[in-house]
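Visitor: I would like to go through this model term by term. Please say what each word rests on.

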Amino acid sequence: MTAIRPRPLVAGNWKMNGLVLGVNEFDAIATGVAAREVGRAEVLICPPFTLISRFAAAAAGQHIKIGAQDCHPKSSGAHTGDVSAEMVKDAGASYVIVGHSERRVCYGESDALVRSKAEAARRAGLVAIICIGETQAEREAGRTIDVVGTQLAGSLPAGATGANTVIAYEPVWAIGTGLTPTVDDVKVVHDFIRSRLVEALEGEGHELRILYGGSVKPSNAAELMAVDNVDGALVGGASLKATDFLGIAAAYR
Ligand SMILES: O=C[C@H](O)COP(=O)(O)O
């Protein structure tokens with residue numbers, strides 16, 4: 001019997017890119033989504049905090065969703081420079097990325113902190129996209145499954161469901177490098193993540209979408225989507241160009 005796969009999610013992470021005067025690419029992506037150029041994929045753009053309100057207003061009544069790239073675990077307080085999940089929600093977003101490797105590496109974010117951010121997202125009514133993935137050194141040492149398993153166990157909140165949590169597997173060495181694992185390697189890790197989700201969450205573990213991220217392009221999106229337990233993509237660089245991002249989303253039919 002073939003399992004019913006969840007609706008794919010194609011998420012664009014703009015990272016620290018995007019100024020108010022340069023948002024034409026967002027308009028072009030939203031237009032492409034409205035024109036149903038993207039098959040059945042749910043499409044999400046996560047701009048910097050400064051553009052969330054603007055993009056959310058433009059997305060109102062459209063099919064495209066807006067997310068943030070991080071949030072603080074607390075809802076408010078003396079945390080200079082931070083933004084809470086409630087503020088992200090208030091700005092009009094419906095998703096938030098937590099535990100991206102660039103935050104784990106640059107800010108020393110631990111699995112426990114990532115889990116508390118995912119819990120904050122749920123409290124605020126946001127869907128958390130929890131990122132996990134091994135470094136090149138860890139892969140070369142044969143530790144990929146260990147590392148991914150540890151990060152998943154430490155970052156996944158109790159009570160996660162398909163409606164409030166998405167997992168993104170992003171090998172750190174594939175991010176922004178043009179390198180990607182083989183589809184066989186992607187399958188091994190995604191199957192492992194699925195098995196751990198089912199162990200932790202029983203039947204609900206089948207409902208969480210597992211995205212692949214790391215040098216996804218229009219030219220490799222279709223072969224990645226065809227892999228078992230790949231339920232979409234988390235796209236960095238290619239999400240900054242509407243034609244590329246729409247091309248990736250169109251592969252997820
Ligand atoms: O969040 C997105 C990932 O870091 C992937 O980035 P990339 O598509 O530029 O490799």
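Guide: A residue is buried if 20 or more other C-beta atoms lie within 10 Å of its own, exposed if 12 or fewer, and partly exposed in between, with C-beta atoms placed from the backbone. The model is predicted: local features need pLDDT of at least 70, side-chain atom pairs count only at pLDDT 80 or more, and totals for chains, interfaces and linings use all residues. Residues are numbered from 1 along each chain as its sequence is written.

Visitor: Why is histidine 100 called buried?
Guide: Histidine 100 has 28 other C-beta atoms within 10 Å, so it is buried.

Visitor: What makes glutamate 170 buried?
Guide: Glutamate 170 has 24 other C-beta atoms within 10 Å, and is therefore buried.

Visitor: Which residues does UniProt list for "active site"?
Guide: The unreviewed UniProt entry lists His100 and Glu170. UniProt positions are given in the numbering used here, feature names are shortened, and annotations may be inferred rather than shown by experiment.

Visitor: Which residues is histidine 100 in contact with, leaving aside its neighbours within four places in sequence?
Guide: Contact requires C-beta atoms, placed from the backbone, within 7 Å. With those neighbours left aside, histidine 100 is in contact with Gln69 and Cys131.

Visitor: What is the mean pLDDT of the protein chain?
Guide: pLDDT is the predictor's confidence in each residue, from 0 to 100. The chain's mean is 95, and 98% of its residues reach 70 or more.

Key
Two residues are in contact if their C-beta atoms, placed from the backbone, lie within 7 Å.
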